[in-house]
Each structure stands twice: as C-alpha cells, then as structure tokens.
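Here are some notes to read alongside the structure. Take them one point at a time, and keep the model open so that you can find each residue as it comes up.

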Amino acid sequence: MLAGSVRWLRLSSLAIVIVSGTMGLLLGGTVSPAKGAELKVYPSQVVLTPEFPSHQVVVVEEEQGRVLRDRTAEAHWTVSSDQVVRWEDGSKRLVALGNGEATLTATVGQQQAVLRVVVQGMDRPARWSFQRHVLPTLTRLGCNSGACHGALAGKGGLKLSLRGFDPNSDYFVLTRQALGRRLDLVRPEDSLLLKKATRQVPHGGGRRVVVGDDHYQLLLRWIAAGAPGPDPAETPIVRLEVLPKQLLLAPKQQARLLVRAYYQDGTVVDVTPWARFVSSHEPTAGVDDTGLVTSQAPGVAGIVVGFDTLVAVATVTVPFPPLSEEDQRRLQQAPRYNLVDVHIQRTLELLRLPPSPPCSDATFLRRVYLDLLGRLPTPEEAQDFLQTSQAQRPDKRQRLVDTLLERPEYVDYWSHKWSDLFLVSTRKLPEAAMWAYYRRIRRAVADNEPWDRFVRDLLTASGSNLHNGGGNYFVLHKDVSELAEATAVTFLGFAIGCAKCHNHPLEKWTQDDYWAFANLFAQVALKSGDRAAEVLVNDQPEGEALHPRRGIALRPRPLDGPPLPADYPSTRRHYFAQWLTAADNPYFAKAIVNRLWRHFMGRGLVEPDDDLRASNPPTHPELLDALAAELVKHNYDLKHIMRLILNSAAYQRDSQPLPANAADDRFYSRYYPRRLPAEVLLDAYADVTGVPTPFRFVKSAAGDALSATSSYPLGTRAVQIPDALVASYFLEAFGRPERMAVCSCERSSEASVTQALHLNNGQTLNDKLRDPNNVIARWLRQGKSDAEIIERLYWHALTRPPREHERQQCLALLANLPPGPDARREILEDLTWALLTSREFLFNH
C-alpha cells in the first residue's frame with residue numbers, strides 16, 4: 001500500500017505546467033465613445049494626378065489619438081466642386097475629374113470633418129510607371145510570389161523576380177521573352193499578360209483579375225501607353241504610412257485602414273489597393289486583403305502593412321470586459337516603482353486588466369536568486385532574508401538585488417548566458433580557443449564592462465585569438481555571409497538571411513542592403529598562427545563581397561546606416577562598430593534590453609527576442625524605447641537595466657492569476673511561470689541532494705564519439721561549464737542549446753516525455769538520491785528527527801517551510817514504515833524525489 005502511495009505521488013508530481021495563451025474568446029464589454037470624442041477624416045489632405053487619380057478616405061470617431069469607431073459607412077459625404085472631384089460611395093474613394101481644389105465634407109449626426117483635395121495635371125496624359133504601377137499590381141495579384149512566377153524556376157515558362165526586386169529583369173521578361181507575345185502594343189486587350197490573368201486562355205494560376213476592374217485597367221493603360229520600362233530617374237519610396245495608427249475597438253467591431261506611400265520626389269499616393277495586410281495576433285484582430293480590420297478577443301494586435309520594400313504598423317487594442325469594483329480598485333491602486341511600471345500600467349488600464357498582488361518575500365527571494373545567480377538560496381540565506389518584514393525595511397528587496405549583482409555566482413551565470421549568445425563551444429573552436437573566447441566574455445561580465453565597449457572590442461578584435469579571445473568571433477564565422485547574418489541577429493535582432501538571394505519578402509531589407517552590409521566584413525583575414533589552435537585575425541587592404549546578381553561590389557554600408565566614406569581613416573570593421581554602438585543607433589540598445597527583458601519576464605517585449613523586425617511589433621513599444629534610452633543614458637550598464645526590471649512591481653507580482661487576468665499571456669498583469677533552464681535545474685538537484693554532478697567526457701563535433709576530460713573537477717557547476725559539447729544526457733534532454741546558430745530557439749523549455757521518463761527512471765536524480773553521502777544520509781547519521789528532516793527538505797528545495805497539511809502527510813508516511821533496515825531512508829528518498837519533480841520546484845514562479 002505504501003509503495004503504491006509513493007508511486008502515485010511520483011507520477012502525480014511529474015505533471016509539468018505549461019503556461020497557456022489566451023484561454024478563449026472573451027465576450028462582453030464595449031468601448032463607449034467618450035464625451036471628448038471627435039470626428040476625424042483620414043487623410044486630412046489629398047493630391048490627385050492622372051497617374052494616381054483616386055484616393056480612399058475613412059472617417060472615424062477618435063479620442064486621444066485612438067479610433068473608437070469607424071463612421072465611414074454611415075457618413076454623409078459632400079464635395080464642394082463636382083468639376084474637380086467626385087465621391088464614389090461604394091468604394092469610399094475620391095476620383096479626380098479636373099484640375100483645381102475642392103473640399104470633401106463627412107457629416108455624422110451633428111459633427112463634421114473636412115478634407116482638402118488638390119487635383120493637378122489632368123490636362124496631360126498619364127505617365128505610367130513600371131516601378132510604381134506595374135510591379136505593385138503584379139505583386140498584389142500574387143503573380144511574382146514564391147508560389148507562382150516568383151519561384152526559383154518560375155512557372156509555365158515565365159520567371160519573375162520575387163515580389164519585383166529586380167525591375168529590369170522583370171521588364172525584359174515581360175516585353176522581350178517568348179518572342180514578345182506577352183504584350184500587344186497594337187491591340188493591348190489581346191496581350192497574353194491580360195488574357196492569362198483574366199483566364200480568357202488557360203492559366204495554371206487561375207483568374208487573377210476581372211476584365212474592367214482597377215488592376216486590369218491599370219495594366220491595359222500601361223500597355224496602351226507603349227509599356228514604358230523602368231526609369232532610372234524615378235525616385236524611390238522613402239516612407240510608408242498607415243492610417244489610422246491606433247484603434248481601440250470592442251470585440252466584433254470593424255474599421256478600415258488606408259495606406260500611403262511617400263516618394264523621395266515629394267509624391268504621396270494612396271497604395272491601399274496594392275498593400276499587403278497581416279495581423280500579428282489573429283485571435284485579437286484579423287484583417288482582410290483590402291485592409292478591413294475585424295476585432296476579436298481582448299488583447300493587442302499589430303496590423304502589419306507592407307508595400308514595396310517598406311513596412312508600417314497600426315495597433316489594434318481590444319479591452320477586456322468591464323471590471324468589478326474590487327478589480328477596478330486593484331488596477332487603480334497598483335504600485336508604480338519605476339518607469340517599467342508606468343508603461344506596463346498604462347497598457348493594463350487601457351486593456352482593463354487588473355494586476356495580481358505582489359508576491360511574497362519567499363517567492364521573490366527564490367525568483368531573483370534563480371534569475372540572477374542561476375541557483376537556489378540556501379535555507380540560511382532564505383531565513384535571514386525573511387526574518388525582516390518589508391514594513392521593517394521597505395528597501396529589503398532592492399538591497400537584495402544590489403547584493404546579488406555583486407556575487408561571484410552572478411559572474412558564473414551570466415558568463416554562461418552570454419556564452420549561449422556567442423556560441424562558445426568546441427564544435428568549431430579548438431579547446432584552447434574556446435577557453436580564450438569564454439574568458440573574454442567572463443572578464444566582461446566580472447568587470448561589468450559597458451555593453452557598447454565590449455561589443456566594439458569584440459568586433460574590432462585583431463591579432464592572436466588565444467591572446468585576444470574576442471577574435472574567436474571571426475573564427476566561428478569564417479564565411480562573409482555567415483558573419484554578416486550572425487552579426488545582424490546577435491547585435492541588431494534582425495534575421496536578414498532571406499535578403500541574400502532576393503529582397504526580403506516580409507521586411508524592408510533588400511538584396512542590395514544585404515550585400516552592402518556583408519561587404520563591411522569582406523576584408524577580414526584569418527591565417528594560422530605559430531601555436532596549436534592559434535589563428536591571427538587581421539584586416540587586409542583588399543577584398544570585396546560581390547553582389548551575386550549584379551556581379552559588382554556595393555559600397556559598404558550598415559543596415560539603415562550611411563555608407564562607408566571613401567576617406568574613412570580606419571578599417572571597415574571599425575566603421576561598422578562605431579556605427580553600431582553609437583548612441584543614436586535605433587536598434588543596438590533595443591536588441592540587448594529585449595533579451596534582458598525576456599530573461600527576467602518570461603517573454604520578450606518583442607517575441608522571439610531575436611526577431612526585432614518592423615513586421616513583428618513589440619507589445620509595449622514605448623517601454624522598449626524607454627529601456628533602450630535608459631541603457632544609453634547610463635553608459636550601456638546592463639546592471640542598471642536589470643535593477644529597473646527586478647525592482648519593478650511588474651517583476652514582483654504573484655504568478656497566481658486572478659479571474660480577470662487569467663487570459664493574459666503577454667501584458668504582465670502577473671508573473672509568468674517558466675521551467676528552469678537545464679543547467680540551473682541540474683545544479684539545483686546537486687545543491688539540494690548535496691551530491692555534485694561529474695562532468696568527465698566531451699563529445700566530438702560530429703557527436704559520434706566521447707573523449708575524457710579533466711577540465712571540470714568534481715564540484716564544477718553546470719553553469720560554470722563553457723563548452724556546450726560536455727557530455728550530459730540530462731542537459732540534452734532538458735533543452736541545452738547546441739550553440740550552432742545564433743537563435744534563441746536553440747534553447748528549449750518545452751516539456752517532453754523524455755524528460756518525464758528520465759526523472760522517473762534515469763540515473764541523474766536517482767543516483768543522487770541513492771548516494772551514500774547525500775544530505776539524507778548525513779541527516780540520518782546526525783540523528784535528525786522526521787520533522788526536522790522534512791523541514792530542511794522543504795527549505796532546501798522550495799525556499800519555504802512545509803505547510804501544515806504537507807507536514808502531516810509526510811509524517812504519516814514515515815510513521816507507518818514497512819519492514820526493513822532501510823525503510824526510513826527509502827521513504828525519505830521518495831519524498832525528496834517527489835519534491836524535486838514537483839511543479840513548484842521545476843518552475844521559477
């Protein structure tokens with residue numbers, strides 16, 4: 001009976017908590033117009049020309065910069081001059097008729113909003129543009145997508161560049177290939193391009209346009225005008241605008257967006273019919289191909305709009321149902337300790353999300369030890385901290401944070417964490433080089449070296465990689481493309497790999513951007529040194545990264561940065577490092593503070609934390625900006641950002657949800673539990689049982705052989721091991737990253753059957769529990785009572801004493817021992833096993 005009870009206890013304790021996302025569609029609640037809401041028309045002014053003779057318009061009810069309701073459908077529209085412009089009520093757009101100026105007035109009830117219209121150039125023929133008209137139309141229709149003619153081999157004998165990134169090639173294909181049959185300049189309506197698209201002749205892609213619709217008419221007019229090609233003098237797009245930018249909607253409301261492109265020559269046009277619309281969070285708000293937004297469940301969604309190579313974002317907020325008086329009071333009285341709470345609170349109030357109460361001192365203590373040191377507090381450390389209440393010492397938590405930031409375990413843990421980012425491993429580095437690389441990172445952590453100085457030193461490292469360990473960054477990334485892509489992800493949070501072969505399909509980076517960026521590293525030279533494992537890193541005066549399509553070397557240029565001046569006095573790497581770490585760089589500080597935020601809060605302000613593209617907007621953009629500005633202001637001191645986060649009310653909230661915030665998984669109304677990292681968990685098992693983990697073998701780079709190592713004496717903690725190839729089945733099963741690629745996705749925190757089976761039957765934990773010299777054996781030899789041992793186990797494992805019902809259950813098991821000299825120890829082993837595989841132990845909460 002006893003064995004069965006313990007077996008049940010073991011199995012039940014194996015359940016692993018998974019923090020769920022939005023738990024269902026929350027209905028109810030409205031966003032009522034406030035007394036201060038005003039009627040507003042978007043845009044406020046329109047210029048129409050023969051090339052772009054129409055423009056969509058929306059009229060909305062708006063308060064404090066947020067749209068509460070779209071009134072376009074119910075508005076009454078009047079124009080001041082029907083000789084200049086007409087209003088098409090069905091399509092909700094203005095259409096130019098003749099040169100002049102006019103106004104468009106929208107009336108809703110007693111309110112009016114007025115738009116100014118200027119029409120010019122209607123007395124001349126339209127100048128059709130291949131770049132501004134034809135390519136956007138082909139892109140909008142999907143003709144040059146990866147699934148159609150934009151595929152690597154094209155489709156049906158027609159190959160276009162993906163999403164029109166190569167206009168000259170596309171023009172040649174459309175006008176010169178296939179014996180010129182695709183266009184008929186004499187009878188434009190007989191052009192194969194139009195007949196295929198309307199399926200007047202067989203077309204594998206189906207019908208893409210209807211005869212007479214806007215897309216058809218545009219292509220027809222372009223052909224009739226002689227099918228003019230790309231114009232080198234035509235200026236590029238410089239900005240994309242989506243209107244309105246902020247929407248505050250009740251569930252099931254709809255609102256329409258419009259998109260405007262700004263060109264370098266001052267032209268501003270409505271590109272809504274050609275824009276791409278995607279929601280960053282479909283459960284909160286969806287959007288169709290025309291830009292019609294439909295709100296769904298409570299939350300925040302970014303509507304990502306793409307046109308040409310640019311991206312813009314509109315934010316849709318859908319509040320939760322109205323709060324009870326108690327929850328409203330919680331929301332209003334929530335503490336605000338620093339700028340983190342100011343921004344988090346603003347979002348919570350907008351969403352009507354009450355915050356959970358502050359966590360207990362014991363919970364905070366365990367949480368901050370695990371997050372800063374990667375280890376549990378000892379019972380003595382816990383009891384010392386808990387004997388003084390916050391009423392007696394209000395700043396006790398801040399003082400604890402300051403103390404932990406100066407502990408040697410902080411250096412161990414954060415050296416380990418940054419080793420993940422910088423791919424420290426013997427997979428690509430000899431052991432001596434790996435140690436030199438690790439020691440450079442560790443020195444930066446120990447000295448609290450400013451992040452900008454450390455990165456600048458790393459990227460300009462020269463000489464021996466054994467003497468200057470930072471040089472191993474270049475040994476790891478020998479290929480110029482690999483180096484460029486790794487650098488963009490590591491320090492800017494951008495994945496630019498798609499732009500290597502073509503313009504990025506979802507982001508603003510072009511193929512030219514990619515190869516101009518890669519050319520910054522084309523003159524890095526590596527050669528073997530005199531010692532084993534030594535590589536000399538230097539810059540050579542020559543060397544270019546050739547653009548694969550154009551066959552030329554582009555002027556070296558950072559992403560979104562100015563090109564390298566011809567008279568720059570130092571190396572290309574030095575120029576890039578100076579640009580990267582400049583105070584006004586819009587990406588560098590955000591990338592690192594987002595990584596820090598994710599570490600402490602369980603998810604990034606941008607998630608994934610290494611994907612800071614414009615089409616993946618942050619949940620709290622103002623907070624991300626504020627934290628980045630703080631980092632720059634405080635000389636890139638990472639500890640300053642850590643203090644801000646750890647001392648915030650948001651970090652110190654309880655993880656237990658309230659009924660009104662249980663559906664929140666990204667707005668920080670409560671703390672989000674997360675499983676301990678593999679290395680931290682293994683070290684915790686060693687600490688609680690008193691049995692250190694041996695690390696005796698290292699895997700080969702191919703993973704098919706083991707070799708003995710003496711580099712890690714018994715007592716070395718898992719977080720002190722720099723090499724990701726040190727053999728450990730436990731670490732592999734619980735998600736240790738391989739450090740093969742710069743991607744946060746390499747580390748897994750997902751639960752698996754393998755983990756459960758290893759905890760139940762594997763050697764790692766069970767061998768520690770059976771060890772003759774573990775803490776259980778020592779306590780038994782010291783003559784500790786059952787109650788004393790249970791008390792110590794709970795303090796060691798959970799940083800708290802047992803609750804009364806837990807104490808009684810454990811004592812009851814020990815009071816009814818089966819026969820045998822080792823029965824008491826076996827029961828204590830099983831009780832310890834149950835604690836160490838419980839959800840409360842496995843998770844930081």
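Which residue in strand 8 is the bridge partner of Glu-88? The partner is Arg-93.

Before the points, a word on the ground rules. This is a predicted model, in which local features need pLDDT of at least 70 and side-chain atom pairs count only at pLDDT 80 or more, while totals for chains, interfaces and linings use all residues. Residues are numbered from 1 along each chain as its sequence is written, and side-chain values use heavy atoms, with hydrogens and water left out.

1. The strands run in the order 3-8-7 in an open sheet with antiparallel pairing. Helices (H or I, at least four residues) and strands (E, at least two) are DSSP runs, numbered from the N terminus, and two strands pair if DSSP finds at least two bridges between them. Strand 3 (54–56) and strand 7 (85–88) are the edge strands, each pairing on one side only. Strand 7 and strand 8 (residues 93–96) are joined in the antiparallel sense by four bridges.

2. **The ends of helix 15.** Start with its length: the 13 residues of helix 15 (residues 480–492) should span 18 Å at 1.5 Å a residue, and the end C-alpha atoms are 17 Å apart, which agrees. The expected span is 1.5 Å times one less than the number of residues. At the start of the helix, a side-chain oxygen of Asp-479 comes to within 3.0 Å of the backbone nitrogen of Ser-481. After the helix comes Gly-493, with a positive phi near 75°.

3. Buried means under 20% relative accessible area, exposed over 50%, and partly exposed in between (1.4 Å probe, protein chains only). Among the buried residues are Leu-483, Val-489, Phe-491 and Leu-492. The cover includes helix 11 (408–421), helix 13 (451–459) and helix 18 (588–601), where contact means heavy atoms within 4.5 Å.

4. Side chains of opposite charge can pair when their charged atoms come close. A salt bridge here is a side-chain nitrogen of Lys or Arg within 4 Å of a carboxyl oxygen of Asp or Glu, and the count by this rule is 57. One of them joins the side chains of Glu-62 and Lys-40 (3.5 Å, N to O). Glu-62 belongs to strand 4 (residues 58–63) and Lys-40 to strand 1 (residues 38–42), so the pair ties together parts 22 residues apart in sequence. Glu-62 is buried, at 5% relative accessible area, whereas Lys-40 is partly exposed at 32%.

5. **Glu-381 and Arg-407.** These side chains also meet in a salt bridge (3.1 Å, N to O). Glu-381 sits in helix 9 (residues 379–386) and Arg-407 in the loop between helix 10 (396–404) and helix 11, so parts 26 residues apart in sequence are tied together. Glu-381 is partly exposed at 22% relative accessibility, and Arg-407 is buried at 17%.

6. **Arg-572 and Glu-544.** Another salt bridge joins these two side chains (2.9 Å, N to O). It links distant parts of the chain, 28 residues apart: Arg-572 is in helix 17, and Glu-544 is in the loop between strand 23 (535–539) and helix 17. Arg-572 is buried, with a relative accessible area of 10%, while Glu-544 is partly exposed at 43%. Elsewhere, salt bridges with shared partners join Glu-61, Arg-69, Arg-71 and Glu-74 into one network.

Terms used. A polar contact is a pair of N or O atoms within 3.5 Å; within protein, one must be able to donate a hydrogen and the other to accept it, and residues adjacent in sequence count only if both atoms are side-chain atoms.
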